[in-house]
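Biologist: I am new to this structure and should like to go through it with you. May we begin with the confidence of the model and then turn to particular places in it?

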Amino acid sequence: MPAIEVKDLRKEFRVQKSRSGLKGAFRDLFDREYNQVTAVKDISFEIPEGEICGYIGENGAGKSTTIKMLTGILVPTSGHLQVNGYIPYKDREAFVKGIGVVFGQRSQLWWDIGVIESFQLLKKVYRVPENDFKARLDELSDRLQLGELLSRPVRKLSLGQRMRCELAASLLHNPAIVFLDEPTIGLDIVVKTEIREFLKSLNQRYGTTILLTTHDLQDIEALCSRVIMLDDGRIIYDGGLDQLKETWGKGKEVVLQFNDPVPLENLKLLTEGLDVTWEQDSALDARVLIPQRSANVSDVLARIVGVVQIADIRILETNTDDIVREIYKSGSAEARKPSVPEAGKPGSGAEEDKGAVPHV
Ligand SMILES: Nc1ncnc2c1ncn2[C@@H]1O[C@H](COP(=O)(O)OP(=O)(O)OP(=O)(O)O)[C@@H](O)[C@H]1O
């Protein structure tokens, strides 16, 4: 049984329209008008136990709405969902014992009381036996370096300290599935790295399933083997991070500087038979573009080094940030067109060939 199972999940909100001016406000009192917003549009996916999956998309794409449905906070308009064997909004009490949730922007800890007292309350809420609680708290304190933070009220903690406490709070009852909504937002790079390391080890030691929404693609790079990308309530990509890079990445670019002038023709001859493209601004330098799927950098360098005197080499790779920005930009509309046969574009045949799940 998958940890998370979602089929044709949909969420519509009814939002009241406001008319302008005093007269409009008066009319609103008696004759309300509504707009319908469809935040999540019939999405389907499954997440197996023990997977760390990134759930990404631009602002307003529908990520939080999905997480709220998966955690039982919102009731879907239609569709089916099952999380850890439960239907979240129906089996609330039993369901919450098996999940942990961290909303980076909102605290689950009580503001004015010591962190440890919040933990004690959560222990009661989740009915964690005393011995399990002690062992778990010791381990979490140690790994997240909570130490003397435990006796402080939450309002006296820095953001990074609070986030470490939030993570501990969400894990006190040893949940099988953890939902993290922007867990590293606003944190400095050191704390971000600590939190990523912690999540990785949590997943490895306990096989915890993690669904992570983030705008920080370094989180995804560090943690996720799979990403689901949402745009305007629809899934536009579901597949591996490597496939994402392969499908949309522009490959690698090697920038070379030579000691003596080298004509472009010579460079082309040296790499004959390899699927590469050379560009040159002057005879003393050159760039070679190596597509993601064909040759690799060492094949290309093996042909050149020793034959040509090289003063300097730089290897540039499209990073995930660039790729995702590119998909968002070109993204959704293209993705929904039925199979535009153009390589490297969302919705093209290339995506299907790579085994990613196309959602068109
Ligand atoms: N309670 C609500 N009532 C009405 N509309 C809502 C409600 N919650 C969300 N929406 C709308 O649904 C859409 C999706 O919002 P959602 O918060 O799920 O996006 P998101 O991907 O989490 O964005 P962000 O990255 O900004 O958090 C948006 O258009 C939003 O305005």
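Biologist: Over which residues does pLDDT stay under 50?

Modeller: This is a predicted model, and the mean pLDDT of the protein is 85, with 90% of its residues reaching 70 or more. Among the elements, helix α13 (residues 349-353) has the lowest mean pLDDT, 31. Where pLDDT is low, the predicted coordinates should not be read in detail. The stretch over which pLDDT stays under 50, for which the model has 59 contacts beyond four places in sequence, is residues 332-360.

Biologist: Which element gives the largest share of the shell around the ligand?

Modeller: The residues around the ligand include Phe-13, Val-37, Lys-63, Ser-64 and Thr-65. Two or more residues of this shell are given by each of β1 (4-17), β2 (33-47) and α2 (63-70). The largest share, three residues, comes from α2.

Biologist: How many residues of the shell around the ligand are charged?

Modeller: By class, five residues of the shell are nonpolar and six are polar. The number of charged residues there is one.

Biologist: Is Leu-223 buried or exposed?

Modeller: Leu-223 has its place in helix α8 (residues 217-223). Beyond four places in sequence, Leu-223 touches Ile-52, Arg-196, Leu-199, Lys-200 and Leu-212. A residue is buried if 20 or more other C-beta atoms lie within 10 Å of its own. Because Leu-223 has 21 C-beta neighbours inside 10 Å, it counts as buried.

Conventions
Residues are numbered from 1 along each chain as its sequence is written. This is a predicted model: local features need pLDDT of at least 70, side-chain atom pairs count only at pLDDT 80 or more; totals for chains, interfaces and linings use all residues. A residue is near a molecule or strand if its C-beta atom, placed from the backbone, lies within 6 Å of it. Helices (H or I, at least four residues) and strands (E, at least two) are DSSP runs, numbered from the N terminus. Ala, Val, Leu, Ile, Met, Phe, Trp, Tyr, Cys and Pro count as nonpolar, Asp, Glu, Lys and Arg as charged, and the others, Gly among them, as polar. pLDDT is the predictor's confidence in each residue, from 0 to 100. Two residues are in contact if their C-beta atoms, placed from the backbone, lie within 7 Å. A residue is buried if 20 or more other C-beta atoms lie within 10 Å of its own, exposed if 12 or fewer, and partly exposed in between; C-beta atoms are placed from the backbone.
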